[in-house]
Amino acid sequence: MTKYIIKRILIAIPVLIGITIIDYAIMCMAGSPLEMLQGPRVSQAAVEAKAIALGLDKPFYVQYFVWLGQLFHGNMGYSIKSYQPVSEMISSHLGPTLLLMGVSLVVSLLMAIPAGIYSAIHQYEKGDYAVVTFSFLGSSIPGFFLSLLLIYIFTVKLGWLPSSGMTTLGTEGGFADVVKHMVMPVIVLATSMAGSNIRYIRSAVLEILQQDYLRTARAKGIGRFLVINKHALRNALVPIVTVIGMEIPVLFGGAVIIEQVFSWPGLGLMTMSAISSRDYPVIMGVCLLSAVVVLIANLVTDILYALVDPTIQLD
Amino acid sequence: MAKNIKYEKAAPTDRGKGAVKDIANESYLQTVFRRFRRHHLAMVSLIILAVLGGAALLAPVIAPYDPDEIIGTFSGAPCKEFLLGTDQIGRDVLSRLLYATRISLLVGIMATLISTVIGVVLGLVAGYFGGVADMAIMRFTDMVMSFPYILLVLVAAAVFKPGLWNIILILGFVDWPGIARLVRGNVLNLRETNFIKGNIVAGMPLRHILFSEILPNTVAPILVYGTSVLALSMLDEAALSFLGQGVQPPTASLGNMLNGAQSLTVLTKQPWLWLPPGLLIVLLVMSINFIGDALRDALDPNSRR
């Protein structure tokens with residue numbers, strides 16, 4: 001087991017290095033930061049001086065290692081727009097995004113796990129068709145369109161929920177206020193995730209239901225309730241671990257769009273404004289951070305998977 | 001030997017409605033079609049997709065007006081003359097919708113083709129040759145998959161100026177890892193089968209083994225996966241264009257037609273501007289997903305039905 005974990009971590013290291021290279025390459029492709037500093041009043045000599053100061057006169061690979069070294073010290077560069085350190089900007093916007101993502105993940109699992117299990121137990125019945133159709137609708141509806149529909153219904157027509165921000169402007173906020181602001185973004189993110197999760201959990205449970213040990217359990221006559229809840233459910237936990245791992249990158253991506261629509265003051269909103277103002281250090285910082293988070297999530301999923309499922313091949 | 005076993009014709013029973021067909025002698029495609037037809041939603045989806053695709057294809061013929069020409073009042077409500085009203089600068093919404101469907105389908109199909117080709121080639125190479133090639137390709141796949149998909153596409157769109165063909169290329173070049181993994185897994189299994197080993201022993205050329213023996217045997221899963229890539233790339237195009245980073249106006253795409261709904265007047269007072277394109281995306285993507293799901297069932301070699 002320890003051997004497997006060590007091996008899995010060793011595999012992750014070249015991927016991590018590759019991620020930094022891709023990240024750096026995109027930043028280079030985006031153009032030199034000097035072009036953005038350049039104005040009509042800046043002389044050529046000043047630009048050259050700046051190039052030397054920034055280390056841009058050195059070859060590509062040297063620059064990469066310098067950048068990497070800075071990264072190890074937690075220095076992700078400075079925003080071109082606000083001149084704030086990127087790491088500071090990210091950490092100040094991280095909280096709202098994590099809150100939104102975490103709640104959405106929990107809500108989507110709360111929808112998907114019972115629905116998927118129900119659907120598998122009642123395969124080819126009316127309830128199953130209804131659940132599966134809903135899950136297809138969930139994964140086919142663009143998040144931004146669902147957001148617009150919800151805003152139209154709950155904000156414009158009914159006036160129940162606020163459509164933007166995290167707290168009401170000019171007030172202290174408070175728990176109830178934040179919850180009110182969160183309802184719609186969470187529904188949108190959770191729906192799109194639940195769509196694919198329901199089908200995944202359904203087919204995983206269907207597979208478990210056909211296993212010999214479940215036939216044995218049924219034959220023992222312990223009753224349907226115990227068969228499902230004691231024997232099937234515990235084994236269904238394995239695919240659910242995978243589902244959570246798969247959702248992390250989807251969550252990150254979804255958050256970018258949803259935060260934009262609902263003006264949720266998180267990482268996604270910051271990234272979108274960085275993208276529209278071509279603030280590359282910020283964009284790259286976010287990309288790098290999210291890629292590393294996804295990598296770690298995959299690593300943890302794999303290790304958890306090996307821990308939960310004793311039959312998995314460890315070589 | 002197995003092929004020579006003659007199945008006895010099933011005795012007619014009263015279970016089926018019509019005459020009992022001779023299942024044992026039908027061809028593979030017939031089997032697939034018979035299984036596919038059982039999914040009623042997928043059949044309906046196929047018809048919907050055919051109608052919408054046909055309408056998109058024939059847009060220049062059936063569109064009542066030029067999609068980019070200003071011909072009516074600003075933001076006119078639907079009326080006899082303009083069935084779905086006019087947009088903020090007086091263009092016919094119905095005509096734009098037809099052309100937008102065309103663009104969105106084009107982006108989806110082209111991006112899917114590109115990513116499928118890349119994924120299949122990389123997957124074949126990694127799976128068949130193994131060793132260093134496999135290691136390198138799979139680690140590269142891991143790297144690309146680590147970046148959240150939408151973020152990568154958004155950044156790429158920002159770096160390479162948004163536009164129709166750039167969006168197609170970006171989506172195509174970002175979407176392949178799933179297919180590469182799928183093909184690799186299949187090839188790994190196939191390589192251990194006797195008929196491939198037989199080919200290797202017989203000294204068949206590599207090209208023959210890869211493209212005439214292995215590839216045809218992985219077409220079914222690729223096709224199924226391809227439908228989900230198609231659905232996803234259409235969703236992504238819509239999201240990108242909605243955010244203004246995708247297909248650029250005046251060219252209409254289903255996503256950028258929704259862009260206007262970010263303004264409160266459009267959202268509250270002019271639903272004919274944003275409801276139709278949104279519903280059309282849902283309808284298209286859902287049809288594609290249903291078809292993919294039915295295909296998965298119909299193409300499953302382990303299915304006994």
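Me: How many residues of chain B are in contact with chain A, and how many of chain A take part?
Reply: The model is a predicted one, and totals for interfaces use all residues. On that basis, 45 residues of chain A are in contact with chain B, and the number on the side of chain B is 41.

Me: How much area do chain A and chain B bury between them, and which residues of chain A lose the most?
Reply: The two chains bury about 3800 Å² between them, with 83% of that area on carbon and sulfur atoms. On the side of chain A, 16% of what is buried comes from three residues taken together, and those that lose the most area to chain B are A:Phe136, A:Phe144 and A:Phe145.

Me: What is the count of salt bridges between chain A and chain B, and how many residue pairs are in polar contact there?
Reply: For polar contacts, with both residues at pLDDT 80 or more, the rule finds 1 residue pair across the interface. For salt bridges between chain A and chain B, the count is 0.

Me: How do the residues on the side of chain A that touches chain B divide into nonpolar, polar and charged?
Reply: Elements giving two or more residues to this side include α1 (2-29), α10 (224-262) and α12 (280-308) of chain A. The residues of that side divide into 2 charged, 8 polar and 35 nonpolar.

Me: How many helices and strands does chain B have, and what percentage of its residues count as buried?
Reply: Chain B has 13 helices and 0 strands. Its accessible surface comes to about 15500 Å², of which carbon and sulfur atoms hold 66%. Among contacts in chain B with a separation of 6 or more, residues 24 or more positions apart account for 68%. Of the 305 residues of chain B, the share that counts as buried is 49%.

Me: Is A:Arg202 buried or exposed?
Reply: A:Arg202 lies in helix α8 (residues 175-209) of chain A, and, leaving aside residues up to four places away in sequence, A:Arg202 touches several residues, among them A:Gln123, A:Asp128 and A:Val132. Because its relative accessibility is 15% and the cut-off is under 20%, A:Arg202 counts as buried.

Me: Which residue meets A:Arg8 in a salt bridge, and which parts of the chain does the pair link?
Reply: The N to O distance in this salt bridge of A:Arg8 and A:Asp302 is 2.6 Å. A:Arg8 counts as buried at 17% relative accessibility, whereas A:Asp302 is partly exposed at 28%. The pair, 294 residues apart, links distant parts of the chain, with A:Arg8 in helix α1 and its partner in helix α12, namely A:Asp302.

How values were computed. Residues numbered from 1 in each chain as written. Chains lettered and ligands numbered in written order. Predicted model: local features only at pLDDT ≥ 70, side-chain atom pairs only at ≥ 80, totals over all residues. Heavy atoms only, no water. Contact = heavy atoms within 4.5 Å. Buried area = accessible area lost by both parts, 1.4 Å probe. Salt bridge = Lys/Arg side-chain N within 4 Å of Asp/Glu carboxyl O. Polar contact = N/O pair within 3.5 Å; in protein donor to acceptor, adjacent residues only side chain to side chain. Helix = DSSP H or I, 4+ residues; strand = E, 2+ residues; numbered from the N terminus. Nonpolar A, V, L, I, M, F, W, Y, C, P; charged D, E, K, R; others polar. Buried < 20%, exposed > 50% of the residue type's maximum accessible area, 1.4 Å probe, protein only. Areas by Shrake-Rupley, 256 points an atom, 1.4 Å probe, with all protein chains shown as cover.
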